[in-house]
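Let's take a friendly walk through one protein model together. Have the sequence and the 3D view ready as you read.

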Amino acid sequence: MQEEEQAQTTGHPEEKEQEENRHEEGLVLATEILPTGLPIIPLRPRPAFPGLLIPMSVNGQLETAAVRRAMKTPSQALGLVLAADPEGDDGPDNLHKVGVVGKIVRTMQSDQESTNFLINCLERFTIKEVRQTEDGLFAQVKYHFGAEMSVNPELRAYSMAIIGALKELVQINPLYSEEIKMFLNRSSMDDPGRLSDFAANLTSSEGRELQEILATFDVRRRIDRVLVLLKKELEVSRLQTKISKQIEEKISARQREFFLKEQLKAIKQELGLEKEGKTAEIEKFQERLKGLTLHPEAEKAVEEETSKLQMLEPNSPEYGVTRNYLDWLTILPWGKFSRDSFDLTRARRILDRDHFGLEDVKDRILEFIAVGKMKGDISGSILCLVGPPGVGKTSIGHSVASALGRKFFRFSLGGMRDEAEIKGHRRTYIGAMPGKFIQAMKNAGTANPVLMLDEIDKIGASFHGDPASALLEVLDPEQNSAFRDHYLDVPFDLSNVLFVATANQLDTIPAPLLDRMEVIRLSGYILEEKVEIARRYLVPKALKNHGLEKAKVVIRRDALKAIAEGYAREAGVRGLENRIKKIMRKAAMEFARGNSDKVTIGRKDVEKYLGKPLFTADEIFENVPGVVTGLAWTSMGGVTLQIEATAMPSKTKGFKQTGQLGKVMVESSDIAYSYVMAHLEQYGSKSDFFDNHFVHLHVPAGATPKDGPSAGITMTTALLSMITGKPVIPNLGMTGELTLTGRVLPIGGLKEKTIAARRAGLKTLIFPLENRNDFEELPDYLREDLQVHFVRDYEDVYKVAFGNEPKTGRPLQLKTED
């Protein structure tokens with residue numbers, strides 16, 4: 001016994017060392033960790049094969065002791081051998097010579113007499129010696145490791161033959177498809193040995209035939225034998241299908257007669273040939289209730305209202321009110337749920353099909369679905385998609401519903417000012433009806449749809465009430481399980497609904513409402529993404545909507561790029577889509593006038609169809625003293641702003657700001673003015689400059705209100721550029737707030753601002769040092785070809801903006817010649 005324990009644990013220090021080095025090396029060979037001595041479990045009626053993960057249950061003291069003995073070893077290895085005689089005992093003489101070693105992955109339940117566990121089968125072995133011990137059977141074994149094989153044409157042909165047979169099996173019996181999926185997740189079709197073992201295990205062959213496969217170490221001979229078994233399995237499956245079909249044909253004649261009678265009865269009831277008036281109405285309501293699981297209060301309300309309806313005359317005004325109420329109560333999907341699909345591969349395929357780019361958003365949605373898969377449901381979830389117009393927020397909601405296999409319903413909250421739109425009207429009012437959410441549940445037909453709440457940031461308020469406050473109950477997972485609409489006045493469960501809200505900005509959403517939602521940001525598209533979206537989605541859609549053939553109108557890639565650069569620089573693609581529609585309308589006009597030639601639009605043809613460009617490269621940057629380009633965030637996405645500074649000689653100093661600036665930007669300009677005034681000599685100018693000049697700071701596009709806390713360093717640079725007469729380096733953009741001591745504070749909306757910089761062609765960017773992590777989290781395609789400088793204080797900004805070599809030491813001293 002002591003020798004057996006030593007044999008099983010031989011090499012234990014090495015195994016321990018290998019386990020410790022797993023993460024460093026990434027791979028540990030099976031030959032280095034499998035023991036030469038194994039506890040043995042006899043199998044009946046089929047053997048196990050390598051490469052399979054199987055659950056097992058053993059009964060009896062000896063088998064249970066063998067499992068416990070294997071669990072105590074470092075490798076947790078256990079031998080599985082088919083019993084030679086299924087009716088015989090479990091002695092050493094009743095075992096085949098070839099078995100499989102497996103590693104116990106997990107034990108689920110264990111006691112003295114039985115145990116349940118999950119085992120991962122690894123390799124074949126041959127028994128050299130086996131003996132009966134007080135802890136069950138114990139054997140000395142020799143392993144036959146599956147060698148790495150180069151898949152030559154002959155083996156590939158054999159493998160394809162097995163795959164072909166498996167495909168036929170799946171067509172005949174779809175139950176095999178799940179096992180094939182599990183195998184593909186663990187192994188590769190390029191491994192002929194593993195493939196043949198899997199195929200053999202899939203068949204319903206006898207244990208003796210399967211043991212012959214297991215004992216065949218040569219891969220080619222093994223595949224030959226497996227193909228024979230697969231052909232037998234195909235014949236059995238075909239015969240089984242034929243027998244089932246014959247039985248169904250015999251039964252179908254009787255069923256057809258029964259179904260026709262039931263259909264005739266249903267047709268008569270629908271036409272009212274058997275019932276009329278109140279009786280037909282009540283029966284209709286009662287029929288709807290079959291298969292529904294109503295809340296106890298709702299059941300009580302239905303019984304009371306049905307009794308009332310039976311006593312009322314059809315001409316009574318109360319009759320219509322009661323009938324409509326019962327109609328709403330019985331038409332709602334009480335307890336009806338669609339089955340969720342948590343297939344991440346399918347969800348990714350749907351998201352990629354419907355949207356180009358937005359990788360970070362897709363990953364967030366896939367993570368959300370993955371959590372639902374682990375949890376078992378996604379109840380109590382409220383997503384909020386925030387981004388500029390035209391970036392695909394609504395269509396992403398459609399894609400989420402398709403990925404989950406749920407019904408989709410959308411309604412807009414924009415401009416809603418009446419609380420009754422959310423919670424319904426009380427039945428005392430004429431024309432009363434439920435609120436939007438109950439109506440949505442009726443239209444969806446299930447109790448777990450995807451409801452899209454569009455424009456949640458544009459809810460209004462009036463003397464009729466505050467809809468945003470009414471939404472607090474609907475969007476609270478702790479309360480919406482018993483949502484009480486004013487019209488129904490009975491609890492309805494909304495906790496299984498997936499709410500997807502959309503917004504352009506978060507500032508106008510009340511904090512308690514925002515706290516209930518998980519925010520996902522959609523920042524917008526860069527030029528390359530817009531061109532690809534137009535080519536894949538917008539152009540084919542416009543061709544179809546305008547009745548044009550794909551071969552008749554061709555918009556080349558360079559033309560799409562010109563449209564995006566010169567006519568549609570917004571964050572989304574709505575403006576780009578409108579320009580493409582305009583081209584299609586003009587092309588349709590040409591065809592309508594009799595032109596039959598193909599219309600091809602290149603870069604030079606864009607101006608002919610769309611007129612002069614709205615944006616030109618020359619107007620973006622004026623590389624002159626006193627003009628600096630800043631980066632800003634708006635509800636429409638990121639934008640670039642040119643800040644201009646000039647000075648007029650004056651006997652008294654003064655400072656003026658124009659451009660319809662908000663309070664925060666005015667304060668930023670005052671800080672910039674004070675900082676420059678205090679550090680004029682440090683940056684190479686005379687200290688009395690402001691005493692003799694009146695300074696004017698302007699942000700163009702004066703009709704557009706502007707505000708925000710990130711223009712400080714841009715304003716400071718514009719002032720210094722104007723005073724020193726030196727322009728900043730070309731293609732420079734910057735953003736960051738400045739303090740009076742010169743420290744640069746972090747900003748928000750960095751992704752949107754980076755997209756705006758790329759859209760505008762800026763190559764050098766200045767960001768606050770504390771935003772470095774935000775920038776590094778951006779996708780690679782947004783960061784490439786950009787020279788980004790992260791600054792701690794304004795001296796760092798000055799070195800980059802005016803092309804000075806970075807120097808250490810403070811303060812910065814610049815010498816100028818008179």
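This is a predicted model: local features need pLDDT of at least 70, side-chain atom pairs count only at pLDDT 80 or more; totals for chains, interfaces and linings use all residues.

Residues are numbered from 1 along each chain as its sequence is written, and side-chain values use heavy atoms, with hydrogens and water left out.

**Confidence**

The predictor's confidence in each residue is called pLDDT and runs from 0 to 100. Its mean over the chain is 81, and 88% of the residues reach 70 or more.

**The whole chain**

The chain has 29 helices and 24 strands. These are DSSP runs numbered from the N terminus: helices are H or I with at least four residues, strands are E with at least two. Of the 818 residues, 45% count as buried; buried means under 20% relative accessible area, exposed over 50%, and partly exposed in between, with a 1.4 Å probe and protein chains only. Among contacts with a separation of 6 or more, 74% join residues 24 or more positions apart.

**The cores**

A nonpolar core is a set of buried Ala, Val, Leu, Ile, Met, Phe, Trp, Tyr and Cys residues joined through side-chain atoms within 4.5 Å. The largest one has 56 residues, and Val 553, Ile 555, Ile 580, Met 584 and Ile 601 touch the most other members. Helix H20 (residues 527-545) gives the most to this core, with eight residues. Another core, of 52 residues, lies apart from it and includes Trp 334 and Leu 471. Beyond four places in sequence, the contacts of Val 553 include Leu 543, Met 584 and Phe 591.

**Single residues**

Where is Asp 340 found? Asp 340 sits in the loop between helix H12 (317-331) and helix H13 (344-354). Its side chain makes a polar contact with the side chain of Arg 406 at 2.7 Å. Not counting residues up to four places away in sequence, Asp 340 also touches Ile 378, Leu 404 and Asn 448.

Turning to cysteines, Cys 121 counts as buried because its relative accessibility is 2%. Cys 384 is buried too, with a relative accessible area of 0%.

Definitions and conventions:
A polar contact is a pair of N or O atoms within 3.5 Å; within protein, one must be able to donate a hydrogen and the other to accept it, and residues adjacent in sequence count only if both atoms are side-chain atoms. Contact means heavy atoms within 4.5 Å.
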